Amino acid sequence: MADGASLSLTVDLALAGLTVGSAAALSGIGLVVTHRATGVLNLAQGAQAMATAYLLRELVVVQHWPTALAAAFCLLVAAPALGLLLDALVFRPLQRRGAGPAETMVACLGVFVLLIGTVVLLWGTAPLADAPSLVPATPITLPGGHLLRLDTAVQLGVVLGLALLVGAVTRFTGFGARLRAVVDNRRLAELAGVDADRVSAAGWAFGSFTAGLVGVLLAPFLLLDPYGLPLLVMETMAVAVVARLRSLPVAVVTGLALGIAQSELTRLRPGGQLLPLVQSVQVNLFVVALLVAALWGAGRTVGDGGPQAVPGGGRPAASLAGQAARAAGTVLLLLPLGFQGDDLRRALLVPALALVLLSVVVVTGYGGQISLGQAGYAGLGSLGTALLISGRIPGIPALPPVAALLVAVLVTAPLGLLTGWPAIRRSGLALALVTFAVGTAMSRFVFEQPYATNGLTLDRPAFLAGDRAFYTAELLLLGAGLLLVRKLHGGRLGRALTAMRDHQAGAAAAGVDVPRLKLLAFTAGAGLAALGGGLMGLAGRAFDASAFDPVQGLVWFATVVVVGADSAVGAVLAAALLVGLDAGTAPGISAVVVGALAMALGRMPGGLAGVARRAVRWGEPRPVPVPAERLSPAGVRTRERLAERLSGRRRDGVVRR
Amino acid sequence: MNGVAPGRAARLTVRGVVRRFGGIAAVDGVDLVAPPGRITALIGPNGAGKSTLFDCLSGTARPDEGRVLLGGRDITRLPEHVRARLGLARTFQRIAVFPTLTVAENVRVGAERAGGGGSRGSFGYERDGLRTERALALLGLTAVAERPAAGLPTGTLRMLELARALAGAPRVLLLDEPSVGLDAAETVRLAAVLRALAADGLALLLVEHDTELVAELADAVYAMAAGRVVACGPAARVLADPRVGLTWGVAADDG
């Protein structure tokens, strides 16, 4: 009988797990279809899901539309329209230009950040508990007395129906044939007369529709807030990665299996110390899956072909633009010394954030390694400082704040190997996924634990209790950080790093120890981020896990890339602007600005710093041109004949340029 | 000239190298010697295994069997940058330069990573500077030394790649189709530079499609087909060998 009860419980838990599982499967279908039709791994899917969920809630709860009408509008009109818009404005131009996966990824992050910023701007960050559900949660009794909720059943049906529909369309229709042709070889398909742009547009519309569906279906189970839902959906990328971004059946099965496994894990209740860990694995099984999938296998699935590094603005900074930026940065940093009260308190965030952004400059800008996990290292710095001050680390007495900050930084820096090691053999999108997964795992398994959220003190030392004194100390540390960064960008080491970023194989052939240099970049980056994070904590006198949310890390990454990934001064300016914009106007504005710029990055290589450099160079005398290629006498004659013919035609008005 | 290629001559020896992809041996038991002071050429149709062999020599790929020796030292398992520091330099078929560095900085990266240790401190700094200047002068790049590498014409970039390789004071130089993208005058200049380097004691191994250039330059030629060496010896004899002609003919039929 006991076996029977156990079996019955297993079935019940499996049925409960189908809710999350089918949402994950749905998200996987969207990612796989979008990727097959467009070649893009849609990192913005989570934000699209969240935006659609917010729109539905607005229409139903605030505008009092009937639920069915609102849902039809959101899913069949608004979401696909968003997809088509993104395709036309952002991704098609990138595709035309032959942009590499790194640039496309930054554009995706831009969309992500822009949508989050827009939602924060419109609806604020306060979690909402009244997201409408499309299907009532009426329990249905199955044979054997098991209960299945109606909404779960419908969700499951939608997943299976969509998967079958996509499969049938791909296999049996003309559109499916065109889709397969584009998947196999886009160029060849275009030559054969297939309109690849229409295939891409359809892919984006469908991907956006499924993203919206995921958001609308998941929202009633959660508190709706701008960060939580997108992150949850991003974690389900695990499903698509396991499916190698190709196989729908694998995506569906993996999604459902992970959902069920997550539910079944609730039966494990080991005693004592292990319980919190097991519980967090259970709640965050998708994070574990993403980490595993990204570490084992993503290298072969994603991120092949095209330039992998984030495009930098070029190293030799035009002196005039550089000086202007440095002067502006200095003024912006010194200004708060004259502030009072709340303004000064808000300004405390600027040097700390600048240090975190500098860590992205070192890893991504100088070293060319995509790292979406820097928020994790900042969090480790902050949490480490708090734990050391509170004397919570066994065997170590409570340390004074300054010593605690120092130790936290020194301990976090070598942890940079957590993302540095995977970076040795990965690049581009694969590395992006790994670093994001590591950052998310840190957030979920380290920061959001009871020991980190309860009763930690993070007090400043007496001589830095005043905000002005603390700000001055922050400026000194930022100065030290800038000196370190300068050391990394100049001389022998700087040349080697730039060589590695520009052409990894070429650098190795020239004798540059590429693996060691990557580890060095990640270690230095982790140390800088930890220092910034520790200062953030001391500034606010508390460890705040949400400040180091992985989504926050994506915003920071996009910010640095927008400003110009290899510009240290740019990072300082960006920190001032991020804090200033949100404090001075409405929260969310900074994300909207950063997101919009990131989406447009394809049209301004090198970010804002690159634009500034080119603007200054434009006014300067042009460098002496290299002597033109020497032509043989026959070549010279050919060129003359060609020129004659072209100018003749131009007179006739046939060739116009 | 002196000082660019040092006096420590070394030969590159390949013994029974095999490299498989799945069940297919792309390189199937190749023996080859590139002696110092000589230009050795590797020819063969597409798919003959030249590039795979080249990768095994430069360290991009590891052979499944066999050994690669640099001046008697077994380098089969060493990573690329260590080989480079031991004096094995290479250029790429698809030009590999660092576009955001200036021409001089590009060359300097090669100089600074040369030879183990000893290049720190002011002596090393000066020596690296000197090597950089010499390599720039040798390849006629002094005029563009302060220009960023991005946007320079192909011929100049080929010379830049060569200059970076030479700045590392190599003993053996691997060249992967160095004449691709060069016009007639540039090819003449390249040939002159390569001959001068060989005369200076460097061991040169080049993979090259241009049989005219090979006939003109190479002291010894290895002809590969289907992963094996089908003929080797003096250039004139190998290029006239009917077996070699046959492999090229077959390749032409293939497409």
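Modeller: Helices here are DSSP runs of H or I with at least four residues, strands are runs of E with at least two, and both are numbered from the N terminus. The model is predicted, with local features needing pLDDT of at least 70 and side-chain atom pairs counting only at pLDDT 80 or more, while totals for chains, interfaces and linings use all residues. Residues are numbered from 1 along each chain as its sequence is written, and chains are lettered from A and ligands numbered from 1 in the order in which they are written.

In chain B, the loop between helix 5 (154-167) and strand 7 (172-176) holds Ala169(B). The phi of Ala169(B) is near 50°, a positive value in a residue other than glycine. Most residues other than glycine have a negative phi. Ala169(B) counts as buried because 22 other C-beta atoms lie within 10 Å; the cut-offs are 20 or more for buried, 12 or fewer for exposed, and partly exposed in between, with C-beta atoms placed from the backbone.

A positive phi also occurs at Arg244(A), near 55°. Arg244(A) sits in the loop between helix 10 (237-242) and helix 11 (248-264) of chain A. With 17 other C-beta atoms within 10 Å, Arg244(A) is partly exposed.

Chain A is assigned domain 1 (9-127 + 147-269) and domain 2 (319-615), with bounds from an automatic or database domain assignment. Taken over C-alpha atoms, the centres of the two domains are 31 Å apart. Their contact takes 29 residues from domain 1 and 27 residues from domain 2, where contact requires C-beta atoms, placed from the backbone, within 7 Å. On the domain 1 side, helix 3 (67-96), helix 4 (101-123) and helix 9 (228-235) each supply at least two residues.

Between the chains, 25 residues of chain A are in contact with 33 residues of chain B. On the chain A side, helix 24 (491-502) and helix 25 (504-509) each supply at least two residues, and helix 24 gives the most, six residues. That side has eleven nonpolar, seven polar and seven charged residues.

Key
Two residues are in contact if their C-beta atoms, placed from the backbone, lie within 7 Å. Ala, Val, Leu, Ile, Met, Phe, Trp, Tyr, Cys and Pro count as nonpolar, Asp, Glu, Lys and Arg as charged, and the others, Gly among them, as polar.
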